[in-house]
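Subject: Structure handover

Hello,

Here is the structure I promised to pass on to you. Have a look at it first, and then read my notes below.

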Amino acid sequence: MRKPRVLWGCALAAALLLTSCGKNNAGSSGSGSMSGAASGSSSASQTTAAWKTGLGVITEASEEDRTGSIELVAAAVLLDGDGKISGVKLDELETTFSAGGDGAVNLPKDYRTKRQKGDDYPLAAASSLKKGWAEQADAFADYLIGKTPEEVSMLKLDNDGRGTDPDLLSGCTIAVDRYRDAISKACSSAKVLGAAKGDRVSLGIEAVNATSDVTATDDKDVNAGIDVSMVAVTLDADGRVTSAVADMAEPALTVMSDGGIKAPNMVETKLEQGDRYGMRGASSIDKEWYEHSEGFCGYLKGKTRAEVADIPSDGSDADLMALCTISIEDLQKAALDAMAAVN
């Protein structure tokens with residue numbers, strides 16, 4: 001059941017006007033061999049200004065009776081040299097935990113995202129458009145091509161979070177409020193990382209069970225949750241990584257011995273936590289988590305999917321270990337998913 005939502009979009013609109021998310025006078029990213037852009041713009045500024053890659057995540061947790069839900073939306077964006085949206089890739093994960101009166105936790109049986117489920121997510125049959133989730137999410141993404149982050153954040157929606165523009169409704173009738181907000185966050189945090197005109201943006205997600213135990217007792221609650229690894233990538237015409245952003249979220253519900261469930265008020269990703277995540281002191285290379293993530297993402301640049309798949313996840317690559325010593329297993333899987341899903 002969806003709870004009333006804070007409208008990130010309206011709040012972000014004012015902030016976006018004051019940031020450099022949409023404008024940048026920096027030089028070329030160096031990938032000048034690409035041709036053609038999703039936005040179709042041929043302005044001179046797009047061939048000289050740097051393009052930006054962003055990843056935005058919104059996580060909500062809720063509880064009702066002895067059932068708790070975790071919903072995560074992720075958006076990968078590519079902004080062109082004029083600060084307009086050149087590409088978007090969306091995905092969403094929904095998981096539900098329940099508990100009995102004896103504190104026993106019932107774990108989800110499926111940790112796939114809506115995009116990963118494909119036809120197993122039964123939306124098409126109920127849709128007036130007869131389109132599945134991915135088709136409608138991609139139609140929403142296509143609708144945003146050429147728009148500025150400010151225009152996206154101020155997109156008009158009805159009380160159910162659905163679009164009001166007939167052009168949008170012709171391809172997408174699902175609620176898009178959370179997708180809009182995740183895209184706005186991605187635009188707000190987007191950085192010059194090496195993407196260029198002609199690149200394509202994609203997104204991969206790897207979710208795994210992170211529940212600490214299966215039964216809560218009077219002496220110990222259970223943290224019932226998931227670890228979600230997300231990687232946004234841009235690829236050139238040869239399928240090589242030109243930029244990447246990697247993040248992780250660890251949403252968890254608290255299950256008590258009587259089966260009661262408590263949801264957290266807020267879930268921040270590791271990138272959002274920044275130095276507050278507190279990893280630096282325990283790191284052998286004196287880096288915070290976001291710095292390890294940046295090292296991993298930098299290491300991906302220039303690699304094909306086959307080369308990314310060949311990266312040893314056991315820490316035996318000395319070049320990678322100099323940049324990143326965190327476990328990359330799930331981040332690597334997410335990156336591979338993103339590279340397989342590019343279109």
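Let me begin with the largest nonpolar core, which has 32 residues. Leu-72, Val-228, Met-230 and Val-255 have the most contacts inside this core. (A nonpolar core is a set of buried Ala, Val, Leu, Ile, Met, Phe, Trp, Tyr and Cys residues joined through side-chain atoms within 4.5 Å; buried means under 20% relative accessible area, exposed over 50% and partly exposed in between, with a 1.4 Å probe and protein chains only.) Two or more residues come from each of E1, E2, E3, E5, E6, E7 and strand E8 (252-255), and the largest share, six residues, is from E6. There is also a second, separate core of 27 residues, which includes Val-152, Leu-168, Ala-182 and Ala-186.

Before going further, please note that this is a predicted model, in which local features need pLDDT of at least 70, side-chain atom pairs count only at pLDDT 80 or more, and totals for chains, interfaces and linings use all residues. Residues are numbered from 1 along each chain as its sequence is written, and side-chain values use heavy atoms, with hydrogens and water left out.

Next, the strands. An open sheet is formed by four strands in the order E1-E2-E3-E4, with antiparallel pairing. (Helices, H or I with at least four residues, and strands, E with at least two, are DSSP runs numbered from the N terminus; two strands pair if DSSP finds at least two bridges between them.) Strand E1 (52-64) and strand E4 (105-106) are the edge strands, each pairing on one side only. Strand E2 (residues 67-79) and strand E3 (residues 85-99) are joined over 13 bridges, and Thr-67 stands opposite Ser-98 in E3.

Now to helix H12 (residues 329-341). Its 13 residues reach 19 Å from first C-alpha to last, close to the 18 Å expected at 1.5 Å a residue (that is, 1.5 Å times one less than the number of residues). Among its buried residues are Leu-331, Gln-332 and Met-339. The buried residues of H12 pack (contact means heavy atoms within 4.5 Å) against strand E5 (200-209), strand E6 (222-235), strand E7 (241-249), helix H9 (289-300) and H10.

Asp-310 sits in the loop between helix H10 (305-309) and helix H11 (318-321) and is exposed, at 62% relative accessible area.

Finally, the structure holds zero disulfides (a disulfide is a pair of cysteine sulfur atoms within 2.5 Å). For Cys-297, the nearest cysteine sulfur, that of Cys-324, is 8.8 Å away.

Best wishes
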